[in-house]
Structures are given as C-alpha cells and as structure tokens.
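Subject: The structure to look through

Hi,

Here is the structure to open on your screen. Have a look at it first, and then read on for what turned up.

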Amino acid sequence: MSLTDQEIKHLAKLARIHIEDTELSLLRDQLGKVFQLIDTLQAVDTTGIEPLSHSLALNQPLREDRVTEPNLRDVYQAVAPEVEKGLYIVPKVIE
Amino acid sequence: MQWEVVIGLETHAQLATHSKIFSGASTAFGAEPNTQASAIDIALPGVLPVLNKQAVEYAIRFGLAVGAEINPRSIFARKNYFYPDLPKGYQISQYEEPVVKGGMIHFLVEGKAYQVRLTRAHLEEDAGKSLHEDIPGATGIDLNRAGTPLLEIVSEPDMRSATEAVAYAKALHQIVTWIGICDGNMQEGSFRCDANVSVRPLGSDTFGTRCEIKNLNSFRFLESAIQFEVERQIEVLESGGVIIQETRLYDPDRDETRSMRSKEDAMDYRYFPDPDLLPVVIEESWVNSVKDTMPPLPQVLKERFISDYGLTDYDANLITSDRGLADYFMAMTSNASASPKQCANWVAGELLASLNRQQLAIDKCPISPNKLTQLIVRIEDGTISGKIAKTLFDILWTEGGEVDQLIDSRGLKQVSDSGAIEKIVEELMSQHPDQVAEYRAGKDKVLGFFVGKAMKASGGKLNPAQLNDVLKKKLAG
C-alpha cells in the first residue's frame with residue numbers, strides 16, 4: 001500500500017509535524033516500509049484468536065480512593081517556561 | 001414536508017470520588033489553579049497511572065441501576081489529540097471494551113411512558129481548563145480538573161423531540177445522583193450533555209446527517225439548543241441545501257448554535273489500547289457485593305409507597321424525585337405512630353414548599369423527620385388542629401423547639417371542650433341573628449360563615465368536627 005501526498009500531509013497535521021513538499025517522496029518511501037511490515041502482520045491468519053490488548057498477562061491493579069498527593073505546584077512550575085497567577089501560560093488559543 | 005427529529009445524547013457525569021481516576025490528587029472543586037495537579041495529571045515523563053477502584057465501582061453501580069451488562073473485562077484506550085489543556089497529548093478513555101454495555105432509561109412525558117436504550121457507559125479522565133480571558137494576549141492553563149473521573153453515558157438515537165431529550169437527561173440525572181455516583185451539580189460542570197441532532201422526512205427509515213452540539217450544562221440550554229438546531233436543519237433542507245456533519249457550539253446569549261469544526265478537520269483520534277494500563281477485570285463477586293449496597297431505585301420506592309401506603313401517584317413522584325426527600329419520608333414512616341399518608345401530605349406539601357421558598361436542600365432542612373412526625377401525631381390525636389399545625393410548623397422552622405413544649409407554652413391546644421365551644425357558638429348566634437334566620441330558612445351555606453367566625457374568635461383552636469356538630473345542633477334551634 002502506498003500513501004498519497006494528501007494522506008502524508010494529513011498524518012503530519014495530526015502529529016503536529018511540519019513537513020516541506022520536498023520531503024514528501026522520502027517520507028512516502030519510509031512510511032511505505034512501515035506499511036509493508038503491517039501488511040506482513042495482517043497476512044497472518046488470526047481466526048479464532050482473541051485480540052491482545054496488552055503484552056503482559058496480568059490484570060490492572062486498583063488503588064483505594066484516597067488523596068495522597070500533596071500540592072507540589074511550586075516545584076512543577078519551577079521548570080515551566082512561563083507561569084502567571086498559578087496558571088501555565090501558553091500562546092493564545094483561538095477558539 | 002413533515003420532518004421527524006432524531007436525537008441521541010452523550011452525557012458526562014463526573015464521578016464523586018475524592019481522588020482522581022489515575023492519581024492520588026484531590027478532585028475538590030474550586031481550589032487555587034494547579035494545586036491539585038500531580039505529576040501524573042500534568043503528564044511528567046516516567047509516571048504511571050493507577051486506576052481508582054471507587055471509579056470502577058461507581059460505573060458498576062450505574063450499570064446495575066440501568067439494567068446494563070457489566071463487562072467482565074474492559075480496557076482503556078488512548079484518544080489522541082493536541083490541545084494545551086491535555087498535557088499528555090491523549091485522553092485516557094475506553095473504546096472497544098467499555099465497562100458498561102447496554103441498559104435502558106425509563107421516563108414519563110405528560111403521563112406517557114418512554115424508554116431510551118443506552119449504547120454504553122465508559123470511564124475516562126477529564127481534561128484541564130483553558131482560561132482565555134484571564135491573561136491578556138495568552139491562554140492560562142489550570143490542570144486541577146485534569147484526571148477527574150468521568151462516566152460518559154451514550155444513548156441510542158431514540159429521542160424524537162427536545163422535550164423527550166430533556167426528560168431523558170433529567171431521568172439520567174435523577175439516577176446518577178440517587179445512587180450517589182455524581183453530585184449532579186450542572187453549574188460546576190459535574191453533569192453535562194452533548195446532543196447529536198438530525199432530521200429526516202417522516203416515515204423514512206434512514207437517518208439524516210447529524211450535527212453534534214457540545215457541552216450543554218443546563219436542561220434549559222439543552223432544550224433551546226436542540227430546538228434551534230432542528231429549525232436550522234429543516235430550514236437548510238427545505239431551501240434545497242444539505243446538512244454538513246459538524247460539531248457545533250450553543251451560544252445561550254444569542255440562543256443559536258454555531259459551527260465549531262466541520263468534518264474535513266474532524267478529529268481522527270487514532271484510538272489504541274493504552275500500554276500503561278492493564279485490562280480491568282471485574283469478577284462477578286464484586287458486582288454482587290455492589291448490588292448488595294445499592295439503595296432501592298426511585299421507581300421501586302415509588303411503587304412501594306403507592307401500594308403500601310396508598311400515596312397518590314403525584315405525591316409518590318414528588319417524594320421520590322430526590323433521594324434525600326425519600327430518605328426523610330422513610331425516616332418518618334419508620335416511626336409507626338403517624339399515618340404514612342399524612343406524612344406524605346406534609347412532605348410533599350408544607351415541607352417541600354418551605355424548602356423551595358428558601359432554596360434549601362433537604363439535608364439543610366431545619367425540622368428533623370422525627371419532629372415533623374411528632375407534629376402529625378399531635379394532629380391525629382386531636383391535640384392540635386390542622387390549621388394550628390401549620391402555625392406550629394412555621395415556629396419549628398424558624399425558631400426550632402420541641403413540639404409538645406411549644407403546644408403548651410404557646411397555648412396551641414385545640415379546644416375540644418364542648419361547653420367552651422357551645423359558649424362561643426351561642427355568643428356568635430346572638431351577635432348575628434340575621435344569619436341565624438337565614439340558616440333556619442334553609443340557606444345551609446351560612447354554616448360556613450359561623451365556622452369562620454368561630455375559628456377566628458378562638459384563634460383557630462377549635463376542634464373542627466366538634467364545632468360543626470355543635471353549630472348544626474344549635475342553629476337547628
């Protein structure tokens with residue numbers, strides 16, 4: 001399966017990656033190889049096999065509903081690029 | 001052309017846990033920004049989410065309340081999208097195997113019974129909050145809400161009008177608050193709806209193209225938004241246009257819906273099982289133990305009240321409209337000394353009216369169930385009249401105190417001494433000879449005139465039945 005330029009641009013948009021038109025053919029080749037791997041996997045007959053949702057054969061441990069986390073805002077915000085009034089500041093998001 | 005409206009709702013109910021769904025941070029509302037956002041909630045590298053048992057238990061409770069199937073094995077998935085208030089770049093949700101499958105919501109609209117099928121209910125985490133107005137030229141992010149547990153309840157497209165959709169949402173709201181899994185506070189966003197709305201020619205069996213209206217946080221907005229959207233779609237179709245599948249926002253100030261994003265930039269969420277979380281296994285024994293702790297549901301209680309106590313449908317509905325009110329009523333009836341029917345009259349009448357007048361919830365009611373029962377006992381044993389009981393109720397409400405003490409100290413006792421009643425009646429008859437003559441000439445209605453006068457003269461304290469007897473005897477001459 002080969003991807004169209006349109007599909008590559010869509011994927012880049014979803015992943016928030018900027019790509020130049022000159023990179024399209026290189027990406028098509030590389031992604032094509034990934035899809036070949038998937039095709040190989042898809043070709044295996046999995047009739048009657050339950051889909052695997054996790055590679056570990058364990059069940060999810062559960063925790064009791066207790067507040068155990070202290071307020072560490074100052075510690076976390078010390079490494080944030082910009083904070084104000086206790087808020088993390090990001091470029092204006094236009095709705 | 002005649003159009004049929006098709007509506008399905010997706011409802012987010014915030015679960016009433018103390019801590020978040022995957023971290024030990026508090027979920028309390030109204031804290032200073034980011035003081036309840038732990039390393040997991042702000043997505044620092046290397047952290048691992050651990051599932052809150054209570055959140056799963058609440059989902060089980062919901063499933064049991066709506067007659068759904070509890071999935072013995074459910075899985076969490078990542079829903080991928082970018083937004084500043086979603087620091088991981090994905091929301092942990094459930095996709096292929098939700099914790100609750102199916103179920104049914106029953107409700108009445110103007111006496112007619114409706115049923116809406118549920119598709120599923122799944123657990124997920126809430127995102128943080130973006131504040132666009134607080135910081136000039138920038139957006140501020142508060143991640144206190146990030147990781148708050150939500151139960152997303154998805155209905156089938158079974159509703160055919162805005163009225164039905166609101167009735168469904170109210171029934172759902174009643175259930176989640178009744179079983180104690182959600183505080184139901186819509187202003188704080190604890191219960192909010194997305195509505196999928198489409199129209200089709202009446203009689204058609206295929207669905208029209210739908211639009212999704214996001215984040216409706218009041219029943220009134222839900223109704224207005226659907227009504228606007230239905231009219232908009234019909235107008236587009238009747239003028240020869242087509243409906244584009246899109247997400248829309250409701251603007252309550254202008255009472256209209258506006259396009260938010262269309263299908264071309266529709267989200268492609270690329271769900272996949274979250275490798276940080278293992279499958280959640282719910283043993284039957286767990287489901288059974290949750291079942292044992294479930295309160296009786298409103299519908300069940302309502303029927304019990306009608307059959308055991310002879311309550312009217314109306315009173316039974318009112319009393320079961322709220323868990324606290326039903327508990328209050330049951331606390332009264334557990335004391336067998338007062339008749340349940342009278343208790344219901346007082347709860348659905350005076351008590352509810354007083355609560356509404358002061359906009360109080362039942363748990364803030366100044367009169368305890370026990371005290372109100374005592375008051376009713378005193379009506380039933382003839383100590384006080386029904387009219388005086390209302391006065392006594394007001395005293396208990398505003399000043400507090402004990403029923404019997406107040407009856408004594410305020411002189412509220414009913415006069416059942418026939419000698420005293422006769423004296424009042426005789427006096428009144430001599431003051432109003434014309435009315436006596438009218439009565440004797442066959443105008444029975446004049447009796448009411450004397451009842452009113454006698455009650456007024458005694459401050460409402462005469463035993464009404466006795467007064468009637470004495471009046472009839474004396475007036476007959």
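What volume does the largest cavity have? About 30 Å³. Before the details, a word on the ground rules: this is a predicted model, where local features need pLDDT of at least 70, side-chain atom pairs count only at pLDDT 80 or more, and totals for chains, interfaces and linings use all residues. Residues are numbered from 1 along each chain as its sequence is written, chains are lettered from A and ligands numbered from 1 in the order in which they are written, and side-chain values use heavy atoms, with hydrogens and water left out.

**The cavity**

Rolling a probe the size of a water molecule over the atoms shows where empty space is left. On a 1 Å grid over the protein atoms alone, a cavity is a set of points where a 1.4 Å probe fits but cannot get out, and lining residues have an atom within 4 Å of a point. Grid points are joined across faces, edges and corners, and a volume is the space filled by probe spheres set on the points. The search of the whole structure finds one cavity of 30 Å³ or more. Its lining includes Ser53(A) and His54(A), and also Ile75(B), Phe76(B), Leu277(B) and Leu278(B). The lining residues divide into six nonpolar, two polar and one charged (Ala, Val, Leu, Ile, Met, Phe, Trp, Tyr, Cys and Pro count as nonpolar, Asp, Glu, Lys and Arg as charged, and the others, Gly among them, as polar).

**Two residues of chain A**

Leu278(B) comes back with Gln60(A), whose side chain reaches the backbone nitrogen of Leu278(B) at 2.8 Å. That is a polar contact (a pair of N or O atoms within 3.5 Å; within protein, one must be able to donate a hydrogen and the other to accept it, and residues adjacent in sequence count only if both atoms are side-chain atoms). Gln60(A) also touches Pro49(B), Val50(B) and Leu51(B), among others, where contact means heavy atoms within 4.5 Å. Gln60(A) counts as buried because its relative accessibility is 9% (buried means under 20% relative accessible area, exposed over 50%, partly exposed in between, with a 1.4 Å probe and protein chains only).

Gln60(A) sits in the loop between helix 2 (24–42) and strand 1 (62–63) of chain A; helices (H or I, at least four residues) and strands (E, at least two) are DSSP runs, numbered from the N terminus. Pro51(A) lies in the loop between helix 2 and strand 1 of chain A, and with 68% relative accessible area Pro51(A) is exposed.

Helix 1 (residues 53–65) of chain B reaches 19 Å from its first C-alpha to its last, close to the 18 Å expected at 1.5 Å a residue (the expected span is 1.5 Å times one less than the number of residues). Ten of its 13 residues are buried. At its start, a side-chain oxygen of Asn52(B) comes to within 2.9 Å of the backbone nitrogen of Gln54(B). After the helix comes Gly67(B), with a positive phi near 65°.

Helix 14 (residues 446–458) of chain B has 13 residues. Its buried residues include Leu447(B), Phe450(B) and Met455(B), and what covers the buried ones includes helix 12 (418–431) of chain B. Gly459(B) follows, with a positive phi near 70°.

**One more loop residue**

Asn34(B) has a positive phi near 65°, in a residue other than glycine. At 1% relative accessibility, Asn34(B) counts as buried.

Best wishes

Methods
On a 1 Å grid over the protein atoms alone, a cavity is a set of points where a 1.4 Å probe fits but cannot get out, and a pocket is an open set with protein on both sides within 12 Å along at least five of seven lines; lining residues have an atom within 4 Å of a point. Lists of a residue's contacts leave out its neighbours within four places in sequence.
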